[in-house]
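Reader: Hey, I'm new to this one. Can you show it to me and walk me through some parts?

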Amino acid sequence: MRLAERVDSMDRNRSVLLVFVQASSGVDGAASLDAGATKGLLSMLKDRAMSGVIKRAQFAIPPLSLMILASVEVPGVTQEFCDLRFDRLPLDRHWDLVGIGVQTGAARPAFELAARFRRAGTKVVLGGPYATIFPERCREHADVLVIGEADDLWKELLEDLTADRLKTEYRQKAFPDLSLDRPVSKSMLDIGSYFTTNVVQTTRGCPFSCDFCSVHVMNGHRLRHRPVDAVVREVESSLEKDRRIFFFLDDTVNADDAYAAELFSRLAPLKIRWVGQSTTALGENPALLDTFARSGCGALLVGIESLADESNHAHHKFHNPADRQARCIKAIRQAGICVYGSFIYGLDGDTAAMAATIEEFITETGIDVPGINLLRPIPGTGVFDRLADEGRLLHGRDDHEAFRFSWAQEMLYLPKQMPLDEFIPSYTGLTSRVFTIGNAVQRALRAPTLRSAVLMFNSLYVHMYSLSRRDLRKQLAALGSGLAF
Ligand code: B12
Ligand code: SF4
């Protein structure tokens, strides 16, 4: 490039678009997997209406990943953000670069979008969990790949963009140092689209190794902390724009007791309401439980998975022994915090007797919102490889796109202890007993706090699990007749 051209190129502002891709199934608006195929008009309209409600009501929080990227400031670059759950794709404008986050369950729509931009001559960069775990499968769909956590790589990439020297790959050499302060801005968000925009992450990485989870695969086993001061400042500045509830997105908000105690004691005077995810071990730490309650914690999602130790151990989950679960959950609720209890029915030690055990446990502990999931083998996790080796996956191990993360609407593998024609009726029977309007109202009435949210979640689950039962029965019928679902 001649000098004059180079100077001109450096002066030009580069416009970057970051796109959040909606999953085609799952919590982005669960709909029947064969939507429209065999249903009547009324049923179809109901599904479509409920899908819209689900999308907006409970899960509509902005993606922190793209907020972090959009907050990186490089002179000569303007970044904009498009959330395909709510926004139209701004195709009428010129973009120098389009960044798309790829989740494993939404790889296909992400690739289709990338192809659309590339056909129009726009350069596309792919990043996120799937690009990190399977870069080779993403390479042909992108001009640039970002492999790993992009907090620092994004700055380098944007600087390269301004200097017209974009590389084809930016790969994380070490995990970003979270002790550096990287303020996250919300200026790119349309605040009204979301349930709340107060999403905060205080730590990354997970010391545990549950074999169905990709967090330790992507973020490593060492827990990295953000400075307490930086998190407190972020919460204060978030409050200036949006005073709604805070979501602490950490996989385990009590992973480091001392850090959590300091952080939430410091947050208590701000009088926020917050929800997060914790282990049941919190119930055995009355001091931390009290700090959480005083700092405004309204609800915690706890990963119970199975109520049988042999099942959890078969999946490398050792940190929540079955005999302590009920006691801990009761303690959390007694502290005034609602419990979202997340089960996975069908793990390797589970027999059909587990259905009744889960039902009794929900009644005994008073869990406010139960979530009874089916195992989702995610490509790149230990359980995916093991099930593939054991011949128990229902799709080919290389056909990643077949592994949809629907709302418990299809089986993706064969349970160890039960054939599918025993397991599916056992699962659908369980969800039909647990998720009824009567139970939704009862759970809301006796919830320690956030009663309308408990009612909303449980009511939506009545619909979502009915969708699950309908699709699972269809899958069972199709498998019986040898047809693909
Ligand atoms: C909060 C959360 C949700 C929330 C909100 C999601 C949202 N809209 O943001 C809800 C409940 C809605 C949700 C839904 C789902 N989730 Co979720 N979720 C999470 C959780 C706990 C935190 C996500 C987060 O914000 N992380 C913090 C950010 C900073 O990290 P990050 O996303 O990895 O981003 C970094 C890099 O990946 C990279 N990056 C990310 N995107 C991009 C894009 C570009 C262009 C570039 C360059 C880089 C880049 O840079 C970022 C900064 O370092 C994660 C676990 C985790 N620890 O990440 C699971 C997780 C992302 N979820 C997961 C799953 C499976 C789902 C569902 C499919 C569940 C379902 N059955 O429906 C849906 C998918 C919906 C969707 N389209 O996103 C899996 C994804 C697995 C995978 N390999 O893809 C995870 C990893 C959990 C797990 N146990 O494995 N989820
Ligand atoms: S499921 Fe939770 S505890 Fe287990 S590895 Fe994943 S993030 Fe860690």
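Author: Here is a short tour of a sheet, a residue in it, a ligand and a helix. This is a predicted model, where local features need pLDDT of at least 70, side-chain atom pairs count only at pLDDT 80 or more, and totals for chains, interfaces and linings use all residues. Residues are numbered from 1 along each chain as its sequence is written, while chains are lettered from A and ligands numbered from 1 in the order in which they are written.

Reader: How do strands 10 and 11 pair up?

Author: Strand 10 (residues 246–248) pairs with strand 11 (residues 274–278) in the parallel sense, over two bridges. F246 sits opposite W274 of strand 11.

Reader: Is G276 buried or exposed?

Author: G276, which belongs to strand 11, is buried because 24 other C-beta atoms lie within 10 Å. The cut-offs are 20 or more such atoms within 10 Å for buried, 12 or fewer for exposed, and partly exposed in between, with C-beta atoms placed from the backbone.

Reader: What is G276 in contact with, neighbours within four places aside?

Author: That would be F248, D250, V253 and L300. Contact means that C-beta atoms, placed from the backbone, lie within 7 Å.

Reader: New topic: what surrounds ligand 2?

Author: The residues around ligand 2 are C206, F208, S209, C210, C213, V215, H216, D251, T252 and G303. Near means a C-beta atom, placed from the backbone, within 6 Å of the molecule.

Reader: How does that shell around ligand 2 divide?

Author: Into five nonpolar, four polar and one charged. Ala, Val, Leu, Ile, Met, Phe, Trp, Tyr, Cys and Pro count as nonpolar, Asp, Glu, Lys and Arg as charged, and the others, Gly among them, as polar.

Reader: Last one: which residues of helix 17 are buried?

Author: In helix 17 (residues 437–446), they are A440, R443 and A444. Helix 18 (451–480) is part of what covers them. On the other side of helix 17, G438, L445 and R446 are exposed.

Definitions and conventions: Helix = DSSP H or I, 4+ residues; strand = E, 2+ residues; numbered from the N terminus. Contact = placed C-beta atoms within 7 Å. Pairing = 2+ DSSP bridges.
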